[in-house]
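Me: Could you walk me through this structure? I'd like to take it piece by piece, with the terms spelled out as we go.

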Amino acid sequence: MTELGGNFNNDATVIVHDSAEDLASAAVGDFVRRAEEAIGERGRFVVALAGGSTPIATYELLAKDARDSVDWGRVHVFFGDERTVPPDSEDSNFKMANDALLSHVSPASVHRMRGELDPARAAEEYERELSEFFGGERPVFDLIHLGIGDDGHTASLFPNTDALDVSDRLAVENRVEKLDTTRLTLTKETINAARAVVFLVAGEGKAGALKEILKSDADPHEFPSKLIRPAGGPVWMLDRAAASKLEAG
Ligand SMILES: O=C1O[C@H](COP(=O)(O)O)[C@@H](O)[C@H](O)[C@H]1O
């Protein structure tokens with residue numbers, strides 16, 4: 001594991017692991033440590049999980065290795081984004097996390113985005129659920145896991161889409177023309193209010209986008225992951241392949 005030196009956009013901390021397996025193992029350690037700290041200080045750990053395929057290794061390992069190191073009864077699970085599909089679809093972010101991890105968590109503590117509903121209604125329902133959970137205050141997650149796409153999107157904040165400029169919502173539906181679909185996503189405001197935001201990124205296919213996000217002055221509308229600027233800066237956990245263009249300078 002190496003922490004990369006140098007100046008990265010948004011005060012990011014960038015940690016590189018030798019392999020995707022090492023990355024997953026470190027992400028599990030990070031999750032366990034943050035859960036312990038949050039539960040010790042506030043009695044609960046509120047996390048939003050990432051979607052896609054990259055976090056599967058982490059969530060499976062978390063289920064296997066951290067069974068006894070996390071007080072799962074005090075863990076509350078939300079999601080950063082969702083596809084507009086039913087929860088049993090292979091494309092569902094909820095299904096991925098449920099299959100990999102969520103057997104440890106009481107169903108009452110799992111708050112999924114309802115991808116099977118009309119997207120505008122699903123986003124409003126998620127906002128209501130967030131508001132109720134956080135007692136009417138602005139949601140402050142203890143941890144938000146994110147991934148990126150090779151186009152620089154994160155959660156379902158895709159390049160040049162309407163959701164990027166929304167600042168008065170907690171979650172929104174977001175039309176993604178290039179995929180001819182609509183997604184559900186937390187807004188950048190909600191993500192940036194978290195106590196910690198950790199990106200999990202593996203594979204050479206992400207290396208070009210990462211260089212733009214972390215090093216360039218490109219417009220954030222082109223690389224929406226640049227909009228993620230929580231206090232203290234995001235943490236980027238990468239494998240060596242994803243970091244290859246950063247290390248090259
Ligand atoms: O569509 C999505 O893509 C990104 C990246 O997914 P991956 O399969 O390349 O890991 C993901 O972070 C996001 O949550 C998801 O909905």
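Reply: In helix H2 (residues 56–65), the buried residues are Thr-58, Tyr-59 and Leu-62. Here a residue counts as buried if 20 or more other C-beta atoms lie within 10 Å of its own, as exposed if 12 or fewer do, and as partly exposed in between, with C-beta atoms placed from the backbone. Helices (H or I, at least four residues) and strands (E, at least two) are DSSP runs, numbered from the N terminus. Viewed down the axis of H2, the buried residues lie within an arc of 95°, so they line one face of the helix; the arc is that of the directions from the helix axis to the C-beta atoms.

Me: Before we go on, what kind of model is this?

Reply: This is a predicted model, in which local features need pLDDT of at least 70 and side-chain atom pairs count only at pLDDT 80 or more, while totals for chains, interfaces and linings use all residues. Residues are numbered from 1 along each chain as its sequence is written.

Me: OK, and what do the buried residues of H2 pack against?

Reply: They pack against helix H1 (20–42), helix H3 (93–100) and strand E9 (197–201), where two residues are in contact if their C-beta atoms, placed from the backbone, lie within 7 Å.

Me: At what angle do H2 and H3 cross?

Reply: The axes of H2 and H3 cross at roughly 35° and come within 8 Å; axes are lines fitted to C-alpha atoms, for helices over the stretch in contact, and angles run from 0 to 180 degrees between N-to-C directions. On the H2 side the contact is made by Ile-56, Tyr-59, Glu-60 and Ala-63, and on the H3 side by Met-96, Ala-97 and Ala-100. By class, the residues of this contact are 6 nonpolar, no polar and 1 charged, with Ala, Val, Leu, Ile, Met, Phe, Trp, Tyr, Cys and Pro counted as nonpolar, Asp, Glu, Lys and Arg as charged, and the others, Gly among them, as polar.

Me: Switching to strands, what is the order in the sheet of 7 strands?

Reply: That open sheet runs E1-E2-E10-E9-E6-E3-E4, with mixed pairing, and two strands pair if DSSP finds at least two bridges between them. Strand E1 (2–3) and E4 stand at the edges with a single partner strand each, so one side of each has no neighbour in the sheet.

Me: And E3, how many of its residues are buried?

Reply: In strand E3 (residues 45–49), 5 of the 5 residues are buried, so the strand is largely enclosed by the rest of the structure. Phe-45, Val-47 and Leu-49 lie on one side, with Val-46 and Ala-48 on the other. In a regular strand the side chains alternate between the two faces of the sheet. E3 pairs with strand E4 (residues 75–79) in the parallel sense over 5 bridges; Val-46 stands opposite His-76, and Ala-48 stands opposite Phe-78.

Me: Last topic, which residues surround the ligand?

Reply: The ligand is surrounded by Ala-50, Gly-51, Gly-52, Ser-53, Thr-54, Gly-80, Asp-81, Asn-93, Gly-147, Gly-149, Ala-155 and Ser-156, and a residue counts as near a molecule or strand if its C-beta atom, placed from the backbone, lies within 6 Å of it. By class, this shell has 2 nonpolar, 9 polar and 1 charged residues.
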